[in-house]
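Hi,

Here is the structure I promised to pass on. Have a look at it first, and then read my notes below.

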Amino acid sequence: MKDIMRIKCLLSEEVEALINQQIKKEAHSSSIYLSMASWCNRNGYDFSADYFFKQAEEERQHQLKFFKYVLDMGGNAISPDVNNIKQEYNSFREVFEEALDQEVSVTQSIKNIAARCHKEQDYVTLEFLNWFFREQREEEYKARRALELFEVIGEEGTGRWQIDKHVGQISYDSEA
């Protein structure tokens, strides 16, 4: 029966495995952002907490989008375990440094899926991944801009308060 199901699946085993790894990465990212939101909230950075709550929800939506794609293609989507989530940060700035690192890591993971798809000539999945590349361009941009606020505004005096206030106002216009 397994061989019959594989024939009906439009994904190779390798691409399906990579996408299932991506599902886990998106779930992990969502949990990391929830942890960051919690840390910001506990430390009085309410606007940043809201920013990270929104980021957590976006990552969850990405997870579901990958999950549904695997199912739509006849594959086996795996609901991941998520653990080892950092709960404490040394500084407000560290939260945003790690957020940027997380986005870069997600982008690289999607590139790895695309590379495998190119090798297999899986153009359907490549087309599906294009949405995520556009999304990651926006996510990395916003994470970089948030981190740049630390340089532009500085952390002294009311600097962290000003940074917190501006984080939620960061937007990305892909048409510009």
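Glutamate 97 and arginine 93 sit four residues apart in helix α4, so about one helical turn separates them. Their side chains form a salt bridge, with the closest N and O atoms 3.1 Å apart; the term means a side-chain nitrogen of Lys or Arg within 4 Å of a carboxyl oxygen of Asp or Glu. Both ends are partly exposed: glutamate 97 has a relative accessible area of 33%, and arginine 93 has 22%. (Buried is under 20% relative accessible area, exposed is over 50%, and partly exposed is in between, using a 1.4 Å probe and protein chains only.)

Before going on, please keep in mind that this is a predicted model, in which local features need pLDDT of at least 70 and side-chain atom pairs count only at pLDDT 80 or more, while totals for chains, interfaces and linings use all residues. Residues are numbered from 1 along each chain as its sequence is written, and side-chain values use heavy atoms, with hydrogens and water left out.

Arginine 145 is partly exposed at 39% relative accessibility, and glutamate 148 is partly exposed at 34%.

How many salt bridges turn up in a search of the whole structure? The count is 12. One of them joins arginine 116 to glutamate 14, with the closest N and O atoms 4.0 Å apart. Arginine 116 is in helix α4 and glutamate 14 is in helix α2 (residues 13-42), so this pair ties together parts that are 102 residues apart in sequence. Arginine 116 is partly exposed, with a relative accessible area of 25%, and so is glutamate 14, at 41%. Glu14 and Arg116 also belong to a network of salt bridges that takes in Glu120.

Now for the way α4 and α5 pack. Helix α4 (residues 92-120) meets helix α5 (residues 123-153) at an angle of about 160°, and their axes are 9 Å apart. Axes here are lines fitted to C-alpha atoms, for helices over the stretch in contact, and angles run from 0 to 180 degrees between N-to-C directions. The two helices are therefore roughly antiparallel to each other, a label for angles over 145 degrees. By class, their contact has 17 nonpolar, four polar and eight charged residues. (Nonpolar covers Ala, Val, Leu, Ile, Met, Phe, Trp, Tyr, Cys and Pro; charged covers Asp, Glu, Lys and Arg; the others, Gly among them, are polar.)

As for the whole protein, there are six helices and zero strands; both are DSSP runs numbered from the N terminus, helices being H or I with at least four residues and strands E with at least two. The C-alpha trace spans about 65 × 35 × 20 Å along its principal axes. Of the 176 residues, 43% count as buried.

One more spot to look at is aspartate 72, in helix α3 (residues 46-72). Aspartate 72 is exposed, with a relative accessible area of 51%. Cysteine 9 is 63 residues away from aspartate 72 in sequence, yet the two are 9.0 Å apart in space, C-alpha to C-alpha.

Cheers

Note on methods: Angles under 35 degrees count as roughly parallel, over 145 as roughly antiparallel, 65 to 115 as roughly perpendicular and the rest as oblique.
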